[in-house]
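Visitor: Hi! Could you walk me through this one? I'm new to reading structures.
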Amino acid sequence: MNDKVTYGHTARKRFGQNFLQDQNVIGGIVRAVNPQKNDNILEIGPGLAALTMPVSEHVDKLKVIELDRDLAQRLRENPFLAPKLEIYEQDALKFDFHNVASENNKVRIFGNLPYNISTPLMMHLFKQCGIIKDMHFMLQFEVVERLAACPNSKDYGRLSVITQYYTKVIPIMQVKPSAFRPAPKVMSAVVRLVPHQVPPYHTKDVKCLERVLQIAFNQRRKTINNSLCSLFSSEELTSLGLNTQLRAENLTIEQYCLLADMLFDKQNLQEK
Ligand code: SAM
């Protein structure tokens, strides 16, 4: 049996198409999302509707973003789904979520994400966090480990800091390759990301935070004294209460925010 063909559709690798087929996993995701009748809810990459169908049973309306033209057409022609769906045949990476949500009408987002774009897609979503209520995503297991990682662990990195800066990360369940068709080569996991209502961390400019993280974690084996020397002197690091012999993975999110603010102040001083 050709495992690339599901319901007559040949899976397209470039769109990261691994369709869910395990009803237990599908049921688990729907329970985790817990869709409510009047939710402003949106699915990224509905594909062959493995999640779309059961979620649609709980809600009045469901928005979906699907890049694959053939799959979008199938959804339009589905007599059960079409009346409930608002279909955006677009690239989710370029989608402006302000078109479907506002601060008073936050959107709930879910999806079994195409793994090839999951990190840039989450970054795109974090920038629009103020209008998102929560997100439930199927990702590579290894990515979920990185999202949830704490300082002093090997998985802790840029992705952990940025994700936890914007959201509370709650891993939900691990999923085996056999739950998909075609089966991916890696383990997967479902995660819930809830944007902070009251941000626990503050920075003057998140671009400075991204810059510090990029430089620190590019050379994660070096001490911060060495890895961050292009941005800060040893004295400046010490003035923030940082031990210069620490490595990138030893710093907390609060400490990265302190560094980002020092960088911001230095840049502003230079411009004056
Ligand atoms: N939700 C379905 C399921 O669980 O079986 C399909 C999941 S499949 C992993 C990813 C889906 O995202 C596919 O339908 C694919 O066509 C769609 N997709 C890929 N890249 C996309 C993008 N940039 N924007 C929107 N959808 C995309």
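Guide: Happy to, and we can start with the chain and then turn to the ligand. Keep in mind that this is a predicted model.

Visitor: Okay, how many helices and strands are in the chain?
Guide: The chain has 10 helices and 11 strands.

Visitor: And what box do the C-alpha atoms fill?
Guide: Along the principal axes, that box is roughly 65 × 40 × 30 Å.

Visitor: What percentage of the residues count as buried?
Guide: That would be 48% of the chain's 272 residues. As for the accessible surface of the chain, it comes to about 13800 Å², and carbon and sulfur atoms make up 49% of that.

Visitor: What about contacts in the chain, how much comes from residues 24 or more positions apart?
Guide: Among contacts with a separation of 6 or more, such pairs account for 66%.

Visitor: Let's switch to the ligand. Which residues come nearest?
Guide: There are 23 residues around the ligand, and the nearest are Leu20, Gly45, Glu66, Asp91 and Asn112.

Visitor: What does Leu20 do there, in terms of atoms?
Guide: A polar backbone atom of Leu20 sits 2.8 Å from an oxygen atom of the ligand. With Glu66, a polar side-chain atom is 2.6 Å from a ligand oxygen.

Visitor: Which classes of residue make up the shell?
Guide: Around the ligand you'll find 12 nonpolar, seven polar and four charged residues.

Conventions
Residues are numbered from 1 along each chain as its sequence is written. This is a predicted model: local features need pLDDT of at least 70, side-chain atom pairs count only at pLDDT 80 or more; totals for chains, interfaces and linings use all residues. Side-chain values use heavy atoms; hydrogens and water are left out. A residue is near a molecule or strand if one of its heavy atoms lies within 4 Å of it. A polar contact is a pair of N or O atoms within 3.5 Å; within protein, one must be able to donate a hydrogen and the other to accept it, and residues adjacent in sequence count only if both atoms are side-chain atoms. Ala, Val, Leu, Ile, Met, Phe, Trp, Tyr, Cys and Pro count as nonpolar, Asp, Glu, Lys and Arg as charged, and the others, Gly among them, as polar. Helices (H or I, at least four residues) and strands (E, at least two) are DSSP runs, numbered from the N terminus. Buried means under 20% relative accessible area, exposed over 50%, partly exposed in between (1.4 Å probe, protein chains only). Contact means heavy atoms within 4.5 Å. Accessible areas come from the Shrake-Rupley method with a 1.4 Å probe; for residues, only the protein chains shown count as cover.
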